[in-house]
Amino acid sequence: MNAETQRALEAICHRYHAIIIECTPQRLHIALADTPGHEMMAELRFATHSAINVECWPQARLEQFSRQASIASGQEPAAEEHSTTAVDQINQLLTQALQKRASDLHIEPQEKGLRLRLRVDGVLQLLPGSGFENSSQLIARLKILAGLDIAERRVPQDGQFSVTLNNNNESFRLSTLPTRFGEKAVVRLLQSDARTIELDNIGMPGPLLKRYRDALSRPQGMILVTGPTGSGKTFTLYSGLSWLNVATRNLCSVEDPVEIPLSGVNQTQIHTRSGLDFHRVLRALLRQDPDVIMIGEIRDGETAEIAVKAAQTGHLVLSTLHTNSTTETLVRLGQMGVPGYLLASALKLVIAQRLVRRLCKHCRQPAEATAHFPPHIWPGTVQNWRAVGCEHCFSGFYGRLPLFELLPVTARLQNALAKSARPEELAEIARQQGMNSLFVEGLHCVNRGDTTLEELTRVAGDSHE
């Protein structure tokens, strides 16, 4: 088979996310994750007259085959990378990140060479066989895409950009930081398909989802989603906003930055250098006749005060806060200077959440059951599981599942907040109302075989936290 035909076949397979297992004048053997489409098969038949054999492989097996092929080819891929432009290199890296379901791409200059890592299912993984040695050209290309100053390397910079990859428009967020051996860049992959941002897709159990919908249906009040960075708060918030997004409502948001563009929502991105901060935008939004206001994050007392007052004056306010639990959120707002009586009348629902890695159902194995939990947390034993690893996952985990802790602000809780009750009293009322903690919700997932106790403890802490 001549080189021109080989290149044509490789281009077709790359476009349709397929890999070539064997390519001879007599036979073309390929593998891909999905059933091959008519267009792909037509293009392959046009490019070669060889017999075509197609296999369907799990995505993880495709990734492992690609990694092994890169390692086996020695220095040849590296030489090819050096001959390509920074535009092609960045497009290749971003495409790999999308194919591997990564949430972040890390480009890190080291004392010798360059380290590339992807965060997949919440865990950083090395990207082998990249062939890149210098980060300066890659980061310069990213800065151009994000509209940043390519000459400025001494201070951190942030920006956003969109590029078309495999005929899809994908959105990214860029953050640069000066380090000892040069600039480091982290690229966050943003949700670009608005159709997936629906309330039924957030993975919330039915009874909890009903509570969330009930709170969203209120004409006024405040809903807070809490948790650490990377816990899925943004997706939960945007899903609620998408559910409210109808022509009869005026939806406005103030964000830093706008992470998911939503048609029909008036989204404003703050710009502190020009004086456009959260406080200024929020005051302006209140004069824009809003029905629903989304605040990207409550960071200080002034923002919290404006949000609470807006929730009391006929607006539904949605926002996030960096706290560990629902009851801790009530305490944090008090520490920000929001009086208990104001919080009691404004706050309607608090959601705390985490993301834990999901066990691969093809290779998970039962482990020893455990029964060392206090009776009020979990009576009896919990069936634990072990992550093994197989051709479908290679790590024992594939994907993530959310854990939710919902605290509706009832009349009893309102009275306690108005009296500035201690955190222990608020937590006891929440328990008496039947609220399951994140850890207890996670134990249900462990018992069902969705994750492991070790993974739950890693993400949500132990039962005593």
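A: What follows goes through the strands, then the confidence, then the cysteines.

This is a predicted model. Strand 7 covers residues 157-165, and strand 8 covers residues 168-179. The two strands pair in the antiparallel sense, over nine bridges. One of the residues involved is Asp 158, whose bridge partner in strand 8 is Ser 175. Two residues lie between the strands of this hairpin, and Asn 166 has a positive phi there, near 55 degrees.

Strand 7 has two faces. Gln 157, Gly 159, Phe 161, Val 163 and Leu 165 make up the covered face. The uncovered face consists of Asp 158, Gln 160, Ser 162 and Thr 164. Asp 158, the partner of Ser 175, therefore belongs to the uncovered face.

Next comes strand 9, residues 182-190, which contains Ala 185. Ala 185 counts as buried because its relative accessibility is 0%, and the cut-off for buried is under 20%. Setting aside neighbours within four places in sequence, Ala 185 is in contact with Leu 174, Ser 175 and Thr 176, among others. Ser 319, by comparison, is 134 residues from Ala 185 in sequence and 28 Å from it in space, C-alpha to C-alpha.

Now the confidence. The mean pLDDT of the chain is 88, and 94% of its residues reach 70 or more. Confidence is highest in strand 10 (residues 221-226), at a mean of 97, and lowest in helix 4 (residues 76-83), at 40. The pLDDT is below 50 over residues 75-83, a stretch with ten contacts in the model beyond near neighbours in sequence.

Last, the cysteines. A disulfide is a covalent bond between the sulfur atoms of two cysteines. The cut-off used here is 2.5 Å between the sulfur atoms, and the count comes to zero disulfides. The sulfur of Cys 56 is too far from any partner for a bond, because the closest cysteine sulfur, in Cys 13, is 13 Å away. Cys 56 is partly exposed, with a relative accessible area of 48%. Cys 363 is in no disulfide either, with the nearest cysteine sulfur, that of Cys 393, 3.6 Å away. Cys 363 is buried, at a relative accessible area of 9%.

Conventions:
Residues are numbered from 1 along each chain as its sequence is written. This is a predicted model: local features need pLDDT of at least 70, side-chain atom pairs count only at pLDDT 80 or more; totals for chains, interfaces and linings use all residues. Side-chain values use heavy atoms; hydrogens and water are left out. Buried means under 20% relative accessible area, exposed over 50%, partly exposed in between (1.4 Å probe, protein chains only). Helices (H or I, at least four residues) and strands (E, at least two) are DSSP runs, numbered from the N terminus. Two strands pair if DSSP finds at least two bridges between them. pLDDT is the predictor's confidence in each residue, from 0 to 100. Contact means heavy atoms within 4.5 Å.
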